[in-house]
2 protein chains.
Amino acid sequence: MKKRGEIQIHPLVEPLAYLLGTWRGEGRGHYPTIDDFSYSEESSWDHDGRPFLYYRQNTWNLATGAPSHSEAGFWRVKDGGRIELVIAHNNGVVEVQSGTFKGTRIEVASTELSSAPTAMTIGGLARVFEVVGDSLSYELAMAFDEHASQNHLTATLQRQSG
Amino acid sequence: MKKRGEIQIHPLVEPLAYLLGTWRGEGRGHYPTIDDFSYSEESSWDHDGRPFLYYRQNTWNLATGAPSHSEAGFWRVKDGGRIELVIAHNNGVVEVQSGTFKGTRIEVASTELSSAPTAMTIGGLARVFEVVGDSLSYELAMAFDEHASQNHLTATLQRQSG
């Protein structure tokens, strides 16, 4: 098969081409039910010419280096600045997110959330991404248990070259 | 971070270590609603020491070489031969599958299926995998529209070295 670098980007994906590649950085997490924590992160977006992005995220405990959270899925780009995310999480959660993008700002919220039989149940997730130059920042809000949607994660990643 | 080859496999994953690596081969698909088709496939399983496998699948139209279907997610291995799959599909579907494994045979069926707003709705998916030597075969059954669960995909993949 062709290497992805040789493949023409789909016109629908072109407005989000700034995401393509690998990003690394650090984030902080908090929630009423857990202790505050810090993490390192590597996230990547790739394409194969179709109207979606491949998405992978891995985080590690900043203190110990142990793997923490992992996600994988697809960002389906629609016309009119609409976008749909389908994501599986290593903790047994799958989600559909729907939302919009304008320039380098992307806002999505969960429309479907399901859990594997032995996994936790999440009430809702909402994400805002913003890219400024070679810096990508995001915030993730979560509703969980009796707690209304509130900030859970904040991170800033830098674009990696090569 | 450590390379995965240097990381000790989790005891829960050990019984499925035969999956680790990359597999390539061909499959055939059919369903009452579509024409029969043939595809090439590359699937891979990886681990990072935690009790799950990373899973990626890509298929291509055998005649044209065009990308066809893509999946990504996690296979969560439990004790007692139980397993949970959480998978996102490029076509906008997310699924949870639950089932069992015994030796090199794995049987799972969907417990949760959701779709992105613009994606198709699937009634159910069931998968059987079996590894014999360096050959991995699977069958996938699907319920869709008014059609009861029936075989949709059959494929045989060969283990790739290195």
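Along its principal axes, the C-alpha trace of chain A spans about 45 × 30 × 30 Å.

This is a predicted model, in which local features need pLDDT of at least 70, side-chain atom pairs count only at pLDDT 80 or more, and totals for chains, interfaces and linings use all residues. Residues are numbered from 1 along each chain as its sequence is written, chains are lettered from A and ligands numbered from 1 in the order in which they are written, and side-chain values use heavy atoms, with hydrogens and water left out.

How are the two copies related? A rotation of 180 degrees with 0.0 Å of shift along its axis superposes chain B on chain A, with an RMSD of 0.0 Å; the copies are thus related as by a two-fold rotation axis. The superposition is by least squares on the C-alpha atoms of residues with pLDDT of at least 70 in both.

At the interface, 41 residues of chain B are in contact (heavy atoms within 4.5 Å) with 40 residues of chain A. Of the interface residues of chain B, 98% are also interface residues in chain A, so the copies meet through the same surface.

Across this interface the rule finds 18 residue pairs in polar contact, both at pLDDT 80 or more. A polar contact is a pair of N or O atoms within 3.5 Å; within protein, one must be able to donate a hydrogen and the other to accept it, and residues adjacent in sequence count only if both atoms are side-chain atoms. S4(B) gives the most to the side of chain B that touches chain A, with 9 residues.

Methods:
Helices (H or I, at least four residues) and strands (E, at least two) are DSSP runs, numbered from the N terminus.
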